[in-house]
Amino acid sequence: MKNSESHFISSRREAMKYIAAGSVAGLWGLFGSPVARAEKAETPAYAKGLPPVKIKSVKAIATAPAGSNLIVVKVETTEPGLYGLGCATFTQRAEVVVTAINSYLNDFCAGKDVDNIEDIWQGAYVSSYWRNGPVLNNALSGLDQALWDIKGKRANMPVYQLFGGKARFAVPCYSHASGRNPEEVAADVQKYMERGFQHIRIQQGGYGAVGILGSNPDFKEAGFGGATDSFMDQRAYLNSVPKMFEVVRKVCGEEVELLHDIHERVQPMDAINLIKRLEDYHPFFIEDPFSPENMEWFKQLRASTSVPIAMGELFNNLNEFKMPMVNQWFDFIRIHVSQIGGITPAMKIARLGELFNVRTAWHGPGDVSPVGHAANCHMDLAVWNFGIQESVSFSEKLQSVFSGCPTMNKGYMSVNEVPGLGVDINEKEAAKYPINTKSNWQVRKNDGTLIRP
Ligand code: MG
C-alpha cells in the first residue's frame, strides 16, 4: 500500500469518527472548510477571469470607399483603448441603419457588461417589440460582431479560437467569372483556375443576366418605367445557362467546381426545369432558385432533381432556416451575416446544419465591409460543416480605410492572428468617402412588369 493511500484510509477512519459524532464542523476542522481551502490556495492567473468592462457608447461609421455604402458599428468601452468593430451594412438603406444604431442601440447598450453577448443580443432583438426586419437586424449584426471582436481582444485570441479553433488551415473560396458570351465566361474561368481557385461561379450577361439581350425593350420605347431600369429577357436567360455550362465544361474540363446564381428572377417551375437541365454538368451548387415568397416550391424542386442547392441570403431571421433545414430543402446555408443578426445567430444555424448535413456558404459580396468578411472567415475556420465561402478582393481604397483585411492565396482566404476579428478602421480616412442615399435599382420584363429578385 502506498503511503498516500494508507494516509487517506487513516484519515478516512478519523473522518468517520467525526461524522458518527455528528460533527460536520469538526470534519471541516480536520480538513479545513472548502471556502478556507479555496482561499488558502493561490488562484492561478488563467482561472481569475477578467475584470468587468462596460459599454460606453455604440456608434455607426458610414463610408463608401469602393462605391458601395458600408456601415460599421464601433462599440467603445470603459476600458481605455478597448473597442470592437462589427459590420452592419445594408447598402440600399444605409442611412436608416445609421439612425437605428446611433439613436437606439447606443442608448440600449450604454452601461451593459461587454461580456454578456447572448444577453445583449436577446435584449436588443426584442427591445423594439417588433422585430425580424432588415435595418434593425443590420444594426444588431454590427453590435453583435463588435462584441465578439471585444471578447476576442479580452481573451487575447482571434475570434475563431472562441468557436473551438481551426477545423481547416484556411478557407476555400469561390470567385466570380463572367462574360458576354459562353466563350468569354470560359476564358474568365481559366484565369481564376490559374490563380488557384477550384470553385468558380459562372454568370453570363452581368448581374441578373440583364445584358444577355439588347437594351431596347418595348417598355422603354413606350416610355414606361425609369431611365435607369434594366431589362431582363427571362426566356433568353433560361436558354443561355445550359449553353454556358456546356461550353465552360468543354473548355475548362471536369475538375473545376462550377456554381451559378439564378438570382430568383424566373418563375419557380422555370427554375426547376433549368436546374434539371444542368444535372449533366454536375454543378457544385445552384443558388437562389426562388424568391423568399416561393419557399413552398422547394418540395417540388427536391422531388425533381438532385442538384445541390444554396439559399438564404435574403432571409432576415434565423427561424426562416428551421423548416428548410429539417426538411433538407437545400444543401448550403447562404446567410448574409450582417442581415441575420450577426455571429451569434449565424453560429446557431451553422451548428444546427452539422446535424442535418447542411453546409455553410456565407454570402460575401462587395457590399459587406472587410470587418464582415473577417467575421465570415472566422466562422468558416471553426465550423466543421463549412462548405464554401464567396470571396471578394479588397481594393487599395478600401484598404486605406480598413487595415488587417482578410487575404487571398491560391483560392484560400485567411485572417490575421490578431486578437478579435483582426480588422481596424481609420475613421479619418472613412470620412473622406460619404455614403449616398440613391437607390433606384429595378429590373423589368419586356412589357415593363417588375421582376422580383
Ligand atoms: Mg445570391
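## Crossing of α4 and α6

Helices α4 and α6 cross in the right-handed sense; a crossing counts as right-handed if the near helix is turned clockwise from the far one by less than a right angle, and left-handed if anticlockwise. The model is predicted: local features need pLDDT of at least 70, side-chain atom pairs count only at pLDDT 80 or more, and totals for chains, interfaces and linings use all residues. Residues are numbered from 1 along each chain as its sequence is written.

Two packed helices are described by the angle between their axes and the distance between the axes. The axes of α4 (residues 94-109) and α6 come within 9 Å and cross at roughly 55°. That makes α4 oblique to α6. Angles under 35 degrees count as roughly parallel, over 145 as roughly antiparallel, 65 to 115 as roughly perpendicular and the rest as oblique. Axes are lines fitted to C-alpha atoms, for helices over the stretch in contact, with angles from 0 to 180 degrees between N-to-C directions.

From α4, Val-97, Ala-100, Ile-101, Leu-105 and Cys-109 take part. They meet Leu-136, Asn-138, Ala-139, Gly-142 and Leu-143 of α6. Contact means C-beta atoms, placed from the backbone, within 7 Å.

## The chain as a whole

The chain has 18 helices and 17 strands. Helices (H or I, at least four residues) and strands (E, at least two) are DSSP runs, numbered from the N terminus. Of the 453 residues, 40% are buried. Buried means 20 or more other C-beta atoms within 10 Å of the residue's own, exposed 12 or fewer, and partly exposed in between; C-beta atoms are placed from the backbone. Among contacts between residues at least 6 apart in sequence, 72% join residues at least 24 apart.

Strand β2 (residues 70-77) is largely enclosed by the rest of the structure, because six of its eight residues are buried. Strand β1 (residues 55-63) pairs with β2 in the antiparallel sense, over eight bridges. Pairing requires at least two DSSP bridges between the strands. Lys-59 has Lys-74 of β2 as its bridge partner. Six residues lie between the strands of this hairpin, where Gly-67 takes a positive phi near 105°.

β2 also pairs with β3 (residues 83-87), again antiparallel, over five bridges. Here Glu-76 is bridged to Tyr-83 of β3. The β2-β3 hairpin has five residues between its strands, and Gly-81 in the turn has a positive phi of about 85°.

## Helix α15

Helix α15 (residues 343-356) has 14 residues and should span 20 Å at 1.5 Å a residue; its end C-alpha atoms are 20 Å apart, which agrees. The expected span is 1.5 Å times one less than the number of residues. Buried residues in α15 include Ile-343, Pro-345, Ile-349 and Gly-353. Asn-357 follows the helix, with a positive phi near 55°.

## Positive phi in two loops

Asn-132 is not a glycine, yet has a positive phi of about 80°. It sits in the loop between α5 (117-126) and α6 (136-155). Asn-132 counts as partly exposed, because 14 C-beta neighbours lie inside 10 Å.

Glu-264 also has a positive phi, about 65°, and is not a glycine. Its loop runs between β7 (257-261) and α11 (268-277). Glu-264 counts as buried, with 22 C-beta neighbours inside 10 Å.

## Val-185 in α8

Val-185 lies in helix α8 (residues 182-194). Val-185 is buried, with 25 other C-beta atoms within 10 Å. Beyond its neighbours within four places in sequence, its contacts include Ala-177, Ile-202, Met-244 and Val-248. Arg-201 is 16 residues away along the chain, and its C-alpha atom is 9.9 Å from that of Val-185.

Notes
Two residues are in contact if their C-beta atoms, placed from the backbone, lie within 7 Å.
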